[in-house]
Every structure is written in structure tokens, then in C-alpha cells.
Amino acid sequence: MQKELPVRKNIRLQGYDYSASGCYYITICVKNRHEILWKEYDSVGARIARPLSAVGNVVKTAIENIPKIYDGVYIDIFAVMPNHIHMIARIENSGRAMRAPTVSRIINQFKGYVTKQIGFSIWQKLFYDEIIRNEQTYRNIWQYINENPEKWAEDEFY
């Protein structure tokens with residue numbers, strides 16, 4: 001008897017054009033929440049103020065490269081946490097014949113770049129996104145991302 005595979009829930013908004021101009025709050029988690037992006041303690045056990053690990057530096061570079069790869073795509077703010085990342089991606093679709101990439105394409109390319117650079121995948125299969133619909137929500141999310149590294153111990157992914 002063949003076992004039925006679980007069906008993944010589609011977490012994207014049905015019918016929404018994810019290449020449309022706008023801002024998107026994105027969170028990407030490391031598989032099994034392994035804390036491999038920060039190096040919190042040095043070799044003698046002293047706490048370090050948020051220096052990135054070697055893998056964390058690859059992730060940071062990959063995020064900074066997104067606007068270099070995609071015209072009209074900007075990363076307004078990001079935070080590399082020990083086991084996940086947050087960012088606000090802004091797409092400014094000029095309406096040219098070549099459409100802007102979708103959020104999924106941008107994130108898949110980002111994950112692929114990191115995987116190629118370090119030699120193995122660290123990411124969960126999916127990612128979380130939220131369409132930012134107004135200025136107040138944008139400000140709240142920007143503040144959360146900005147303050148998140150300092151509040152790591154209070155984070156839901158800690």
C-alpha cells in the first residue's frame with residue numbers, strides 16, 4: 001500500500017502578481033532552526049556583539065547582491081539573525097516589456113547563490129512573505145527588523 005504524501009499549503013495570496021511594484025516583508029529560516037549565521041561567542045567563550053559567521057557573511061553578500069542582479073529591485077533593510085533572515089524587498093516595476101521578477105524568483109535565486117557558495121543548502125523549503133500595503137505597516141516592519149538583532153533572546157525563532 002502506497003503512503004500518501006502530505007500536501008503543502010500554498011501560502012501565497014492567490015491571484016496576486018508578486019512582480020507588481022510594492023514592498024514585501026520576507027523571512028527565510030534555516031533548516032531545523034540551526035543557529036549558523038551568527039557566531040555569538042569567541043573561542044574562549046566571550047560573547048561577541050553579533051558578528052556574522054562565515055556562512056552569515058555569504059548570506060549578507062547574497063542579500064546585498066539582489067539589487068545588482070535585478071533592475072528595479074531594492075532591499076530597503078535586512079537583518080541576518082542566528083537562524084533566519086528578515087528583509088524588506090521593494091520592487092519598482094517600470095512597466096517595460098521585460099517584467100520585474102517575482103518575489104519567489106528573487107528568493108529562489110538568493111537561496112541558490114548561498115547554497116552554491118557554501119556547498120550545501122541551509123534553507124527551509126519555503127519562506128514567509130507579507131505584502132506591505134501601507135506606510136504605517138512598512139514603518140512597523142522596518143522598526144522590527146532594525147531592532148530584531150538586539151532583541152534576539154525575545155525572538156520567536158530563538
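## Strands 1 and 4

Strand 1 (residues 22-29) pairs with strand 4 in the antiparallel sense, over five bridges; two strands count as paired if DSSP finds at least two bridges between them. Within this pairing, Thr27 has Tyr128 of strand 4 as its bridge partner. Strands (E, at least two residues) and helices (H or I, at least four) are DSSP runs, numbered from the N terminus.

This is a predicted model, in which local features need pLDDT of at least 70 and side-chain atom pairs count only at pLDDT 80 or more, while totals for chains, interfaces and linings use all residues. Residues are numbered from 1 along each chain as its sequence is written, and side-chain values use heavy atoms, with hydrogens and water left out.

Four strands make up an open sheet with the order 2-3-1-4 and antiparallel pairing. Its edges are strand 2 (73-80) and strand 4 (128-132), each of which pairs on one side only. On average, neighbouring strands are turned by 15° against each other, direction ignored. Axes here are lines fitted to C-alpha atoms, for helices over the stretch in contact, and angles run from 0 to 180 degrees between N-to-C directions.

Helix 2 (residues 103-118) lies across strand 1, strand 2 and strand 3 (84-91), and runs at about 35° to strand 1. Contact means heavy atoms within 4.5 Å.

## Two aromatic pairs

A search of the whole structure turns up two aromatic pairs. Rings of Phe, Tyr and Trp (its six-membered ring) pair if their centres lie within 6.5 Å; planes under 30 degrees apart count as stacked, over 60 as edge-to-face and the rest as tilted. Tyr25 and Tyr128 form an edge-to-face pair, with 6.0 Å centre to centre and 80° between the planes. This pair links distant parts of the chain, since Tyr25 sits in strand 1 and Tyr128 in strand 4, 103 residues apart. Tyr25 is buried at 9% relative accessibility, whereas Tyr128 is partly exposed at 42%. For these terms, buried means under 20% relative accessible area, exposed over 50%, and partly exposed in between (1.4 Å probe, protein chains only).

The other pair joins Phe110 and Trp123: the ring centres are 5.6 Å apart and the planes stand at 40°, so the pair is tilted. Phe110 belongs to helix 2 and Trp123 to the loop between helix 2 and strand 4, so the pair ties together parts 13 residues apart in sequence. Phe110 is buried at 0% relative accessibility, and Trp123 is buried too, at 4%.

Helix 3 (residues 135-147) has 13 residues and spans 18 Å from its first C-alpha to its last, close to the 18 Å expected at 1.5 Å a residue. That expected span is 1.5 Å times one less than the number of residues.

Tyr138, Ile141 and Ile145 are buried in helix 3. They cover an arc of only 70° around the axis, so they lie on the same side of helix 3; the arc is that of the directions from the helix axis to the C-beta atoms. The cover over the buried residues of helix 3 includes strand 1, strand 2, strand 3 and strand 4.

## Positive phi in a loop

Now for two backbone details. Asn32 has a positive phi of about 55° although it is not a glycine, and its place is the loop between strand 1 and helix 1 (54-69). Asn32 is exposed, with a relative accessible area of 64%.

Arg33 is also found in the loop between strand 1 and helix 1. Its phi is near 55°, a positive value in a residue other than glycine. At 43% relative accessibility, Arg33 is partly exposed.
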